[in-house]
Amino acid sequence: MTLLEFLAGAMPVLSVLLFLVILRMPATRAMPLAMVLTAVMAFWVWQVPAMHLAASVIEGLIIALSILIIVYGAILLLNTLRASGAIEVIRNGFTNISPDRRIQVIIIAWLFGAFLEGASGFGTPAAIGAPLLVALGFPPLAAVSMALIADSSPVSFGAVGTPVIVGLGRGLNESTPEMIQSIAVTAISIDILVASFLPLIMVMMLTKFFGANKSFKEGLAVWPFAILAGLVFTSSAWVVAKFLGPEFPSIFGGLVGLIVMVSLARAGILVPSQIWKFADEPVVEPEQGTQKLGLFMAWTPYLLVAVILVLTRLEFLPFKSMLNTFSLGMSDILNSGISTSIKPLYLPGFLFAIVALITVPLHKLSLRQTGEVWFSSAKTLIPTVIALATSVPMVRIFLNSGVNTADLAAMPLELAELSANALSGVWPLMAPLVGALGSFIAGSATFSNMMFAEFQQAAAIQAGFSPEAMLALQMIGANAGNMVCVVNVVAAASVVGMVGKEGQIIRFTLAPMFYYCLAAGSVVWLLF
């Protein structure tokens, strides 16, 4: 690969880092520029036909629509609960569990987020967890960063095991359910040693960057609670993955974690006596609802979301097939061979909207309030439309670049092969970074696993490492990439009102992403 080919292949990554992270442009400006540069390099250097580029853009716009549906549904549900006064009741409920912000972020972002990820995937944990944290009084940057960092290890078994079953299953030419389960168990075994420390890292970042004293030590003070929360999730997920399979580890791990850690927090066990709050934390005035809601009634919409997500994801129930019957999309776009479709009724955003509608009579909202909520929620999406309508097409150009006249593989595969040839001796450290690259660009751990599974297997054999261990690292890297994934960051930023601050979010989540990848690689290098 020549230098020009390397620059062309890496353009999506380089341009995002330059415009978003270094120059700190808002995504509404950075992503159109990144898309144009990627398209120009794909046409000029990779020699991708113009019609194929146009088809990739159309495909990206259709996929972007599915993300917008999720984001709108999340914003709509949150605004509905704000209007009814439910958010104020939920806020008071969490204060009764523990007023300590370190405890709250572990319970909501790490454990409740894990459950949501296991049930649905599709960015649901950040879409629900980040605005919930903001509603509780977290600064928006802290809320979205913590939600993205937490939505990592549970991704292995997100959407009822999709990244493992579909991602690895379709990514490997020859695989069996037993083989896929074995890889999954290896991945969660590594996570017990690595991901269990993520809650502690989260609270240390919280106290360092958002506390009055700017101290890691204040986060470290909660280490028994944080590490136990990490271990309860990862060990529960390991048991489920080992004996039941890859569909439910994150769901059960999150549920067990919530039961155990909420009980401990209520009893004051492992919780520091000194309560920690944010620097200059404002006094939040109670929001006026139409009635005084009880805690259970206030939580009912979120409980409905959780129940509906689980019921509509289980294969043996009829709901999944019913919701998947209706689809929108295009086949063989512009005679390119590219086809795509979305199933809007199956998307979490549609389910969020249904729950928002159910909440109207449940919480006795007026028609005027309901109309204002729906309109204001749609209005906030305008900047997000611009960012997603350019970032997702850029991703599709990158991934579809294997169709070219330059005799080159697709851009991500060329970059991965270059890394494998140059760094085969330290491949355990590189394997998770390749997985992270896939998620960073594609916005999906499932797609990263599908794209790189066969490559990781071949690279492991060539470098003399265990293929199973390298595939487990691919899974973990794909999880880590979710923390910095452009599409996830844009979507999460929009639901907490941080459109234009996407680069700032990525700067916060880069360090935990590298920790997760390199720590997992080091464990495999030393123990496998």
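The model is predicted. Helix α8, at residues 140-150, is largely enclosed by the rest of the structure, because 10 of its 11 residues are buried. Helices α10 and α23 cross at roughly 65 degrees, and the count of disulfides comes to 0.

**Helix α8 and its surroundings**

- The buried residues of α8 are Leu141, Ala142, Ala143, Val144, Ser145, Met146, Ala147, Leu148, Ile149 and Ala150.
- These buried residues pack against five helices, namely α6 (101-119), α7 (124-135), α11 (198-210), α24 (486-495) and α25 (502-527).

**The crossing of α10 and α23**

- The axes of α10, which spans residues 177-194, and of α23, which spans residues 467-481, come within 8 Å of each other and cross at roughly 65 degrees, and the crossing is right-handed.
- On the α10 side the contact is made by Met179, Ser182, Ile183, Ala184, Thr186, Ala187, Ile190 and Asp191, while α23 contributes Glu468, Ala469, Leu471, Ala472, Leu473, Met475 and Ile476.
- Sorted by class, the residues in this contact are 11 nonpolar, 2 polar and 2 charged.
- Two packed helices are described by the angle between their axes together with the distance between those axes.

**Cysteines**

- The structure has 0 disulfides by the distance rule applied here, and Cys485 is accordingly in none, with the nearest cysteine sulfur, that of Cys517, lying 13 Å away.

**Ser84 in helix α4**

- Ser84 belongs to helix α4, which runs over residues 50-84, and this serine is buried, with a relative accessible area of 0%.
- The side chain of Ser84 makes a polar contact, at 2.9 Å, with the side chain of His363.

**Ala306 in helix α15**

- Ala306 is placed in helix α15, which covers residues 295-311, and at 9% relative accessibility this alanine counts as buried, since the cut-off for that class is under 20%.
- Although Ala306 and Phe115 are 191 residues apart in sequence, their C-alpha atoms are 8.3 Å apart in space.

Conventions
Residues are numbered from 1 along each chain as its sequence is written. This is a predicted model: local features need pLDDT of at least 70, side-chain atom pairs count only at pLDDT 80 or more; totals for chains, interfaces and linings use all residues. Side-chain values use heavy atoms; hydrogens and water are left out. Buried means under 20% relative accessible area, exposed over 50%, partly exposed in between (1.4 Å probe, protein chains only). Helices (H or I, at least four residues) and strands (E, at least two) are DSSP runs, numbered from the N terminus. Contact means heavy atoms within 4.5 Å. A disulfide is a pair of cysteine sulfur atoms within 2.5 Å. Axes are lines fitted to C-alpha atoms, for helices over the stretch in contact, and angles run from 0 to 180 degrees between N-to-C directions. A crossing is left-handed if the near helix is turned anticlockwise from the far one by less than a right angle, and right-handed if clockwise. Ala, Val, Leu, Ile, Met, Phe, Trp, Tyr, Cys and Pro count as nonpolar, Asp, Glu, Lys and Arg as charged, and the others, Gly among them, as polar. A polar contact is a pair of N or O atoms within 3.5 Å; within protein, one must be able to donate a hydrogen and the other to accept it, and residues adjacent in sequence count only if both atoms are side-chain atoms.
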